[in-house]
Amino acid sequence: YQRRVHGVTSWLQDEEQFSHRVQEIDDILRVIDSHSEALCEVDRACRATEGMLLHYEHYFNTVAGRHRSKAGAVQDYVNDLLIEEQKRHLNVFRNYYSYLSDLLTRKQIRMEEIDRFEPQLDHQISIAERTLDPSVSMYQTLKRELGQERKQVQQKIEALKENAAKSTLDFKPSEAGLRSNGVEFLSPVIECQEQSLDKRASELKVRKQLVEQDYREVDLVAAGLQRMVENSKQARAERRATIISRTMANISPTTTYRRLDSN
């Protein structure tokens, strides 16, 4: 009997434990079901979010494409404006540098004229002092004025060179921009240099004509002096002064010195 009671008791205990296990399994299954439903909800929410993200991605790509297109058009417009501004800078620089170059050439020519005239003026002062010419004070005043003018011209030349160098340096960015965009042009510096050389060549041609004319005058005077020397020798040999008087009445052994006009 005790064995049977013990067996029944064991069976009841086993049944109770089994019931507890079944209850635990049911609880676990209910938790799994709730978690499955929650996961399904999360999955549906993820799919909806993914769809929204795809929709917004397409929208943002479209908007970004439009903005890129507009930005490209704006950049092209800005580049066109920049090129036009650089072209205007080129024209302004060309006109300004041409003016500077022309004025610089004139001042340099004037400086050369002063340098050539000073020795002639010194010689004229020397002649006036030896001959007691009252115009010697006028020549001396002219020399002082010429020295002051030379200083002024030299200062002007230096200022013009400085302005030309500065304007050339300021134009370099525009020059580089134009050439990088395929705009072909001859540098205004080269243009003005060629124009300056043409002016100097023309001035040199005129100067050469004046020098040749001076040479011809000197040759005429030299020929007259030579005839006077020969007549003087002849007068000495024949002891006739009338030969010298007649020669001096026809030929004057003097040279004319031209006064240079100031610019």
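Predicted model: local features only at pLDDT ≥ 70, side-chain atom pairs only at ≥ 80, totals over all residues.
**Figure 1. S187 is a buried residue, with a relative accessibility of 12%.** S187 counts as buried because its 12% falls under the 20% cut-off. Its place is in the loop between α2 and α3. Leaving aside residues up to four places away in sequence, S187 touches E175 and R179.

**Figure 2. Q86 is a buried glutamine in helix α1.** What is the relative accessible area of Q86? The value is 8%, and Q86 is therefore classed as buried, the limit being under 20%. Look around this side chain for P173, S174, G177, L178 and N181, which Q86 touches when residues up to four places away in sequence are not counted.

**Figure 3. L132 sits in the loop between α1 and α2.** Is L132 buried or exposed? With 73% relative accessibility, L132 counts as exposed, because the cut-off for that class is over 50%. The backbone is worth a look here too. Most residues other than glycine have a negative phi. L132 is not a glycine, yet its phi is positive, at about 55°.

**Figure 4. The second largest pocket has a lining of 14 residues.** The volume of this pocket is about 240 Å³. Which elements give two or more residues to its lining? They are α1 (2-130), α2 (136-180) and α3 (188-238). To find the middle of the pocket, look for Y97, S101, L104, Q193 and S196, the lining residues that lie nearest its centre. By type, the lining has eight nonpolar residues, five polar ones and one charged one.

**Figure 5. A search of the whole structure turns up one cavity of 30 Å³ or more.** How much space lies in the largest cavity? The figure is about 40 Å³. Its lining is made up of S98, S101, D102, T105, C192, Q195, S196 and K199. Sorted by type, the lining holds one nonpolar, five polar and two charged residues.

**Figure 6. Helix α4, residues 242-250, has the lowest mean pLDDT among the elements of the protein.** The mean for α4 is 52, while α2 has the highest, at 90. Next comes a stretch to read with its scores in mind: over residues 247-263 the pLDDT is below 50. Beyond near neighbours in sequence, that stretch has 29 contacts in the model. For the protein as a whole, the mean pLDDT is 80, and 84% of residues reach 70 or more.

**Figure 7. The protein has four helices and zero strands.** This last view brings the pieces together. From the N terminus on, the elements run α-α-α-α. What share of the 263 residues is buried? Buried residues make up 19%. Among contacts between residues at least 6 apart in sequence, 76% join residues at least 24 apart. The protein exposes about 20,300 Å², of which carbon and sulfur atoms supply 56%.

Key. Residues numbered from 1 in each chain as written. Heavy atoms only, no water. 1 Å grid on protein atoms, 1.4 Å probe; cavity = no way out; pocket = protein on both sides within 12 Å on 5 of 7 lines; lining within 4 Å. Points joined across faces, edges and corners; volume = space filled by probe spheres on them. Nonpolar A, V, L, I, M, F, W, Y, C, P; charged D, E, K, R; others polar. Buried < 20%, exposed > 50% of the residue type's maximum accessible area, 1.4 Å probe, protein only. Contact = heavy atoms within 4.5 Å. Areas by Shrake-Rupley, 256 points an atom, 1.4 Å probe, with all protein chains shown as cover. pLDDT = per-residue confidence, 0-100.
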